[in-house]
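Have a look at the model first.

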Amino acid sequence: MRLRVEFTTEPFDLDEPPPHAVAVREVVQGAELDAVDVGPFGNTAEGGAEQVLGTVDALLRTALENGATRVSLQVNVVEGEG
């Protein structure tokens, strides 16, 4: 099964990425995922279920440990994939 996770961390800072955003970006970019898109207002990552779920655990822990006060995420099954 393939999954796609979309997530944001808060608080936002439009002038400079906060520590939680930088730390989570490193987690996601270092994960064994097939597709990663990191942006200023939202992030997406896609891959196998085990990889995505493991990354979600790591990104939640990392965000909270680095000062995030809120993490919003959505996980979807990618249609048409085995």
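1. For burial I use relative accessible area: buried is under 20%, exposed is over 50%, and partly exposed is in between (1.4 Å probe, protein chains only). This is a predicted model, where local features need pLDDT of at least 70, side-chain atom pairs count only at pLDDT 80 or more, and totals for chains, interfaces and linings use all residues. Residues are numbered from 1 along each chain as its sequence is written, and side-chain values use heavy atoms, with hydrogens and water left out.

2. Helices (H or I, at least four residues) and strands (E, at least two) are DSSP runs, numbered from the N terminus. On H2, the buried residues are Ala49, Val52, Thr55, Val56, Leu59, Thr62 and Ala63. They cover an arc of only 160 degrees around the axis, which puts them on the same side of H2; the arc is taken from the directions from the helix axis to the C-beta atoms. The face turned away from that side carries the exposed Glu50, Arg61, Leu64 and Glu65.

3. Now the charged pairs. A salt bridge here is a side-chain nitrogen of Lys or Arg within 4 Å of a carboxyl oxygen of Asp or Glu, and the count comes to 5. Aspartate 34 meets arginine 2 at 2.4 Å, N to O. Aspartate 34 lies in the loop between H1 and strand S2 (35–38) and arginine 2 in strand S1, so the pair ties together parts 32 residues apart in sequence.
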